[in-house]
Amino acid sequence: MLTFFSAIPSLRRPRGGLPIKGTIQYHPGATPGGTPPEVSLVEAARAGDRAAWGELYVRYARMVHGILLARVPAADADDLTQDVFVRAMKALVQLRDSAAFGGWLASMARNSAHDYHRKAHVAEDPVPAEVPAPGDVRSSVEAAAALQAIRDLPEAYRETLMLRLVEGMTGPEIARRTGLTADSVRVNLHRGMKLLKERLERGATP
């Protein structure tokens with residue numbers, strides 16, 4: 001039987017998100033008129049503030065990566081995450097509501113995954129070029145099986161579970177970043193986890 005949850009840690013990324021070349025530190029001051037800090041970040045980034053954009057990257061990289069990982073091979077998720085942020089930076093001037101940034105970015109990530117498959121990429125994780133050690137083989141196989149088990153769930157569940165189990169985001173964080181309601185995230189996590197466990201148990205039955 002696949003020890004599913006033991007494979008999850010090997011899939012998780014550092015809490016700070018994907019590595020950023022020349023990471024930028026952002027130290028926001030007081031926001032005018034009580035404007036939410038994240039809205040101020042979006043508005044500053046739209047005005048060309050690279051530090052503000054760097055902070056948005058740090059806050060949203062795991063969300064974008066998790067959405068992509070639910071839909072594309074792990075080997076391509078990192079590069080596509082970078083591509084999404086490059087395109088988002090160029091299109092940011094078109095975003096009318098700064099408070100909708102998270103949902104807008106999430107939609108851009110989903111569209112990127114759709115474009116990936118439309119271009120007829122192979123929808124399987126590639127076999128590594130080098131032969132790994134026996135322990136690494138087992139770990140890699142379990143990690144790949146864990147990803148596939150989540151990807152086989154209905155779309156609403158797989159995206160939320162990928163963000164929770166693989167990217168390590170909390171329920172409230174998922175809601176805040178994606179623009180989903182807290183109740184929707186809670187329901188998706190509960191039903192998705194239940195369905196995932198049922199399928200894993202059925203698969204383990206001899």
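Biologist: Why are R118 and D115 separated by about one helical turn?

Modeller: Because they sit three residues apart in helix α5; helices here are DSSP runs (H or I, at least four residues), numbered from the N terminus. Bear in mind that this is a predicted model, where local features need pLDDT of at least 70, side-chain atom pairs count only at pLDDT 80 or more, and totals for chains, interfaces and linings use all residues. Residues are numbered from 1 along each chain as its sequence is written, and side-chain values use heavy atoms, with hydrogens and water left out.

Biologist: What makes R118 and D115 a salt bridge?

Modeller: The term needs a side-chain nitrogen of Lys or Arg within 4 Å of a carboxyl oxygen of Asp or Glu. Their closest N and O atoms are 3.4 Å apart, so the pair meets that cut-off.

Biologist: Why is R118 called exposed, but D115 partly exposed?

Modeller: Exposed means over 50% relative accessible area, buried under 20%, partly exposed in between (1.4 Å probe, protein chains only). R118 has 57%, so it counts as exposed; D115, with 27%, is therefore partly exposed.

Biologist: And E159 with R71: what does that pair tie together?

Modeller: E159 forms a salt bridge with R71, the closest N and O atoms being 2.8 Å apart. E159 lies in helix α7 and R71 in the loop between α3 and α4, so the bridge joins parts 88 residues apart in sequence.

Biologist: Are those two buried or exposed?

Modeller: Both E159 and R71 are buried.

Biologist: How many salt bridges does the structure hold?

Modeller: Nine. E38, E55, R59 and R177 are linked in a network of them.

Note on methods
Helix = DSSP H or I, 4+ residues; strand = E, 2+ residues; numbered from the N terminus.
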